[in-house]
Amino acid sequence: MTSSSPTAPCRRFVIGLFLIAVVQVTYHPAQCSTLMKYMATEYNLSQIYSIIERSQIANSTIHLRSVTVFAPHNEAFMKTTKQDTDDDYLPCYHITNVPMKLEQLGKSVFSELDGNPPMWITKKSPEEIYINQAKVVYHLANYEHNNTIGKPQVLHVIDQVLQPLRLKKNSPQMIYNPNAWEFMENAEFLDLNGYHTNIFLQRVQSLEKKHVFSNQGGHTFFIPVDEVANHPKVRPEKIDVKVIDAHIIPDNVLFLGPTNEGEQFETLAFTDMLKVVAFFSKAEEGDKTKYFVSSDTLNSDGTHPTGAVVAEIVKANIPIKNGVVHLISRPLMVVDNNVKEFVESYKDREYGILHRFYEEIMNTDKDFLDQLSSLTNVTLFAPSNNAFNEQSIQSYLTNRTYIKSLLNLHVVNGRLSIEDIVSGSTDKRFQVATLVPRKDLFFNVVTSGKNRTLTLEGGGVNATVVQANLAATNGIIHIIDHVLGIPSSTVDRKLATDPTLNDTNYLGQVSSLNDQLSDVQKRFTYFVPRDSAWKRLSIDNPSVYKKLFMPEYSYLARQILERHLIVADKAYTMDDLRKEANNNYNLSVKLPTVRDVSMYVKIKDLPEEGYSIEWRNEWIHVHRADVRCTNGIIHVIDQVFIDDNDIEVNAAIATKSVTVMLLILAQCLVFFYFN
């Protein structure tokens, strides 16, 4: 074996440096190129390179000046409809004449397009930055190089093609970089997909509100168009000074891409007496994603009612000198239809969110809508299209008599906003009567940061409000994601999704009792203690409560839950049990629970209080009766069926078992040691 030469380490070091250099050149070939060469050789930037190369102005600018290029990748162009005027507008609108890395970007930069219209910057985080609607591809940003005459230049790759405001083809009027007022004033010369804004413009002029659209800075403007097919019309005189203010979000330039769905922003109509906010939402309608803006009047001034008004955004993200414009289908804040007319407005909107609801009403009970219009204050919980498309309820929808009986379950005689529900839920779970006798709705509000989620239960079905506080002249509409009264969940899924049954669900999971509750071949009747019942146990007997929730005692929890569960050939409503008690001269009803061979309870039904059951000489209120599931019925109760002996006897057995095991172990050790 020969020893290595003393020069070998040096040779290896030199070779290592050479390989590192090769790798760097291999993975960064454009570091020696100008921006134009980089775009020409980078396969995914060929489209923006081609457009800039064809533009004499843009090409000269890049060769002669310092610039920043916001370069859409080729996939961005594939998602954009090509227009005849692209070569006139796109090259210079993706260039600004100052070299700026991401960390140097402010609120806006001026483009090289005629009039130097701005590109607006939104920074959600150091790595999530938007140019207008387009998101910067962070790992492909901050490419720096000097051009051939030494001018510094920067390139950032973006995921969408920036779309500037364009003139109509052959327009006789030239408009350069207009503000919101100039935009409306010259709308007839602009390429707005055929939309007109004359009605709103006339109201702004007559009410002398020009100045709020001319304010310098960066703002968001919602401008209603004159008419959109299948959308309700609004009387122009309804557009007053405060309504106009509600169409402006000051000091925030909100493009759809970077703006969080549902995040509320104060409008110019947010004052001491009147508080109006606005927020974005979206929905899938057919094969399209549609975007909407809602104004929500939180506090009324006596003239403008509380509630939300939704408008579809028909042309979005139009950059202007002092912010961004979104063209919308109708004025915000204007409440001009009653509840019946609101539902009817979806008649011809095949993919509108309430189209299926309207159709089900027409096929089942046409008088239902007239009933809604006759009520002076009404709240309608209207199921969405997706609610009716749910596969598990299709067999029920063919039963028109059954559906007719459920319609009134979605109606409350009284105006009920989400704020009313929140205030009513402060100390207890909020509960209100529907138009179906003895069928109440139960509400729960979950708050996470600025977001509030409203859930409700009616007829045993949990639903979430997907659009809240939609205002009508005679009430309010909340759109929900399930049809109330038609069960769509098995017993185990119901436990998992009901926010007031968390403790019973947890004990059922750790003890494996819940595993059998998904069996659709069986019929379960389950008396389920709600969370407050377990809380009461924690106060009355904290040691028992603590032991039940310890994983090592899950077998005890299972035994107690089995006392609440009946498995039979049918599920029992509270009325079934009451009738059985009547047949037994109002004495006890024998229930064959899983835990006990038989359990005896008495049933009491009071008009004001509802059902109660007597167990071991104590009356327990049934908080919610007849919560229907696809494989059974749940009755939510206010107390746990538990006896002190349940814990003491089992604990004694466990102690005895441990003692026996220790004795056996000791004997084994003695035998081993002495033998």
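**Sheets and salt bridges**

1. An open sheet is built from four strands in the order β3-β4-β5-β6, with antiparallel pairing. Strands are DSSP runs of E with at least two residues, helices runs of H or I with at least four, numbered from the N terminus; two strands pair if DSSP finds at least two bridges between them. β3 (108-110) and β6 (134-135) are at the edges with a single partner strand each, so one side of each lacks a neighbour in the sheet.

2. The model is predicted: local features need pLDDT of at least 70 and side-chain atom pairs 80 or more, while totals for chains, interfaces and linings use all residues. Residues are numbered from 1 along each chain as its sequence is written, and side-chain values use heavy atoms, without hydrogens and water.

3. β3 and β4 (residues 118-125) run antiparallel and are joined by three bridges; Val109 is opposite Met119 in β4.

4. A salt bridge (side-chain nitrogen of Lys or Arg within 4 Å of a carboxyl oxygen of Asp or Glu) occurs 25 times. One of them joins Lys169 and Asp84 at 3.7 Å, N to O. Lys169 lies in the loop between β8 and α7 (180-185) and Asp84 in that between α5 (74-78) and α6 (86-93), so the pair ties together parts 85 residues apart in sequence.

5. Glu457 forms a salt bridge with Lys494, with the closest N and O atoms 2.8 Å apart. Glu457 is buried at 2% relative accessibility, and Lys494 is buried at 3% (buried: under 20% relative accessible area; exposed: over 50%; partly exposed: in between; 1.4 Å probe, protein chains only). A network of salt bridges links Glu457, Lys494, Asp498 and Arg624.
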